[in-house]
Amino acid sequence: MKTIQFELRLALHSRLAAGALALLLVLTVLAVWSGLHAVSAQRAALARIAVVQRDDVAAVAQKYRDGGEAGYAAYSTPHLTVNPPAPLAFAAFGQRDVQPYALRVRLLGLHAQLYESESINPELAAAGRFDFAFVLVYLAPLFVIALMHDLVAGEREAGRLRLVDSLPVPGLRLWQRRIALRLGLVLAALLLPFAVGAAGAGVVPGDALLVALGAALYLAFWFGVAAAVAALVRTSAAGAAVLLAVFVVLTLVLPTFVNGAIGRAVPVSKGAELALAQRQEVHNGWDLPKGVTMTKFFRTHPEWRDTAPVTGRFHWKWYYAMHQAGDDAVATQAGEYRAALVARDDWTRHSGWLLPSVAVQVLLHRLADTDLAGQLAYQDRIAAFHARLRRFFYPYIFNDRPFGPADFASLPTWQGSGAGGGVALPALAALGVLAGLGCAAGAVRLRRVQVL
């Protein structure tokens, strides 16, 4: 116990080390507060949208107090779908900054509604959000460098390295104890504010522990690399320079290069192009004979083939069949678009086996349900809800059934909710492997510390 107290005093004796730990603690507190504030802002926005939604539906319901056409009710009634943030979203905001988390849909073509709001602010996407994941991935390694760059060289420059080497405790055990203490201090500065934020946000303890494990493995990698460099260089200045170069390469250069390579290997069109293609199909339908449109519709919905034919200049069944035919026309294109997004995401996750910064981000975003999988799951729930709307309205529209106040009151309501986070086991395994390699490299180099 006295040895640990002595090592703690020695570690904090340096103003640089003490100041670095204090600054890291302050930055983590600010990041957790920023994440909680952002989540609160999104929840408040969803509450305001819900009020507007109730007012809009009430206004439409007022028009149907004496009944009316089901087709007009389907056209004029918006249906709110929401994707509320998971409890852990405050720690890793992910795609919630750039993807919609509330969408009002009608019985019109689904693809145009899904992708017309897929707009991304490039400046916001480039900067990212200042959250716990940002501090852990990009700032924590810098503090590791501040604490570790002079681990060995500092003793050599102070003239104590020969004395340290002569102590009865084996040299490797001494270095391991000092590194473990510094690792514990950095983890405490990161995880104490996170634990407070997680408790306030209602995070499941198991998810919080997985975040802590991922953070510990990520920092273990950096401490291992820092230990290897510290044992290799002769001066503390050289150690800081080499570690900063390693940091830039592993967290900035290589991830950017990999991202560019994946983008070139797996090209992805824009969702807005898909929405435009669907709308173009619908617009073209106005110039086609109604029989042609209905034939297209019956190919995917044969259960309505025996209903009364469309007559006159306009009929709601022809209008909604035209929209559905537009969706069917771009279904293959939509599938390819989604498959390309998933392929990019898969390759990004695979790169986590070489890049610890990528692996820890994949883990945090999956646990927080703020990754691509979470966004696609929300779209799947919207598609399922849109199918419920079609099943509800089609019998009225295609059979010309009357639509009264009781029918309007029984409209389907959005039941979808966030699937919650999940465990990214490959990302956790990748972090474990990289942490093991980093620690092994550090141990090998510390065994060969040269006293002179």
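A helix here is a DSSP run of H or I with at least four residues, numbered from the N terminus, and its expected span is 1.5 Å times one less than its number of residues.

I noted first that this is a predicted model, where local features need pLDDT of at least 70, side-chain atom pairs count only at pLDDT 80 or more, and totals for chains, interfaces and linings use all residues. Residues are numbered from 1 along each chain as its sequence is written, and side-chain values use heavy atoms, without hydrogens and water.

**Helix α15.** Which residues of α15 are buried? I found A334, Y337, A340 and S351; buried means under 20% relative accessible area with a 1.4 Å probe, protein chains only. They cover an arc of only 125° around the axis, so they sit on the same side of α15. That arc is taken from the directions from the helix axis to the C-beta atoms.

**Rings.** I then went for aromatic pairs (Phe, Tyr or the six-membered ring of Trp, centres within 6.5 Å; planes under 30 degrees apart are stacked, over 60 edge-to-face, the rest tilted). The count is 32. F221 and W222 have centres 5.5 Å apart and planes at 80°, so I wrote them down as edge-to-face. W222 also pairs with F247, tilted, at 6.1 Å and 55°. W222 is in α10 (205–232) and F247 in α11, so this pair ties together parts 25 residues apart in sequence. W222 and F247 are both buried.

Technical notes
Buried means under 20% relative accessible area, exposed over 50%, partly exposed in between (1.4 Å probe, protein chains only). Helices (H or I, at least four residues) and strands (E, at least two) are DSSP runs, numbered from the N terminus.
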